[in-house]
Amino acid sequence: MGSGKAVWRISRAPGGDGSARTGDLAGSLRVSPGTVTATVKRLAERGLLTHTPYHGVELSREGERLAMQVIRRHRIVERFLADLLGYSWAEADALAPTFEHQLPQEVEDRLFVALDRPTTCPHGFPIPGEGSDTLPQLAVLYDLTPGERAVVALPGSTAPELARFLDGLGVRPGVEVVVREKQPFDGPVVVAVEGEDRTLGAGVARQIFVRHLTAAVEGPAGL
């Protein structure tokens with residue numbers, strides 16, 4: 001159900017319309033468009049998704065549930081790699097698929113308990129509950145207003161150079177930030193990070209997800 005996970009991630013991306021285009025799926029999965037078309041057809045026949053021409057692919061309720069199973073396993077494996085083996089959050093994301101598809105349910109359950117039942121992956125995104133078909137939504141940092149507090153989450157797809165830049169500013173997964181200023185017309189955002197004010201351009205701030213701490217915020221789901 002790795003393709004289902006890809007559908008879920010793409011359809012929940014900022015600015016999306018809740019569906020995933022087959023071309024985007026091919027790029028995400030690194031396969032040919034023909035392979036994606038065959039996979040989509042097979043999953044549609046199983047009732048896991050629907051494909052509307054010129055619109056895209058959407059997961060069914062059962063497809064969402066199975067995608068959550070894969071995402072839960074992936075994020076638990078990430079926690080194991082980061083917390084117990086010392087890999088960075090970016091390395092853990094890259095290595096997790098190697099293990100997640102071969103991981104027996106019993107081992108996943110024991111890992112979860114051994115890790116003290118974590119609620120987020122090393123990136124800061126929530127771990128789905130067992131049997132869940134949904135995930136709490138995360139906001140984008142740029143959408144917050146001055147005075148709001150949030151905890152940082154960074155997608156595994158974050159470019160290495162951007163990850164290094166943010167790390168140098170202290171903007172890391174799990175770190176709390178407070179929005180100080182936000183300039184109009186796509187201007188920069190100033191956030192307080194561990195007592196220091198940091199300035200982020202609009203383009204960068206739109207790539208940072210956050211878990212809001214002071215009020216419920218509607219936003220794109222965590223990836």
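1. The sheet. In this predicted model, 6 strands form an open sheet. Their order is β3-β8-β4-β5-β6-β7, and the pairing is antiparallel. The edges are held by β3 (139–140) and β7 (196–200). Each has a single partner strand, so one side of each is left without a neighbour in the sheet. As background, strands of a sheet pair through backbone hydrogen bonds, either parallel or antiparallel.

2. From β4 to β5. Strand β4 covers residues 149–153, and strand β5 covers residues 176–182. The two pair in the antiparallel sense over 3 bridges.

3. From β5 to β6. Strand β6 spans residues 189–193. Its antiparallel pairing with β5 runs over 5 bridges. Look for Val179, which stands opposite Val191 in β6.

4. The hairpin turn. β5 and β6 form a hairpin with 6 residues between the strands. Phe185 takes a positive phi there, near 55°. Asp186 lies in the loop between β5 and β6 as well. Its phi is also positive, near 60°, and Asp186 is not a glycine. Is Asp186 buried or exposed? Asp186 is exposed, because its relative accessible area is 51% and the cut-off for exposed is over 50%.

5. From β6 to β7. These strands pair in the antiparallel sense over 5 bridges. Val190 stands opposite Thr199 in β7. β7 is an edge strand, with a single partner strand.

6. Another positive phi. Asp116 sits in the loop between α6 (105–114) and β3. Its phi is positive, about 70°, although Asp116 is not a glycine. With 64% relative accessibility, Asp116 counts as exposed.

7. Two helices in contact. Two packed helices are described by the angle between their axes and the distance between the axes. Take helix α2 (residues 22–29) and helix α3 (residues 33–45). Their axes come within 9 Å and cross at roughly 110°. That makes α2 roughly perpendicular to α3, because angles of 65 to 115 degrees count as such.

8. What meets what. Thr22, Leu25 and Ala26 in α2 meet Pro33, Val36 and Val40 in α3. Which classes of residue make up this contact? There are 5 nonpolar residues, 1 polar residue and no charged ones.

9. The annotated stretch. An unreviewed UniProt entry lists residues 18–60 as "domain: HTH dtxR-type". Over residues 18–60 the chain is 49% helix and 19% strand. The end C-alpha atoms of this stretch are 12 Å apart.

How values were computed
Residues are numbered from 1 along each chain as its sequence is written. This is a predicted model: local features need pLDDT of at least 70, side-chain atom pairs count only at pLDDT 80 or more; totals for chains, interfaces and linings use all residues. Side-chain values use heavy atoms; hydrogens and water are left out. Axes are lines fitted to C-alpha atoms, for helices over the stretch in contact, and angles run from 0 to 180 degrees between N-to-C directions. Helices (H or I, at least four residues) and strands (E, at least two) are DSSP runs, numbered from the N terminus. Angles under 35 degrees count as roughly parallel, over 145 as roughly antiparallel, 65 to 115 as roughly perpendicular and the rest as oblique. Contact means heavy atoms within 4.5 Å. Ala, Val, Leu, Ile, Met, Phe, Trp, Tyr, Cys and Pro count as nonpolar, Asp, Glu, Lys and Arg as charged, and the others, Gly among them, as polar. Two strands pair if DSSP finds at least two bridges between them. UniProt positions are given in the numbering used here, feature names are shortened, and annotations may be inferred rather than shown by experiment. Buried means under 20% relative accessible area, exposed over 50%, partly exposed in between (1.4 Å probe, protein chains only).
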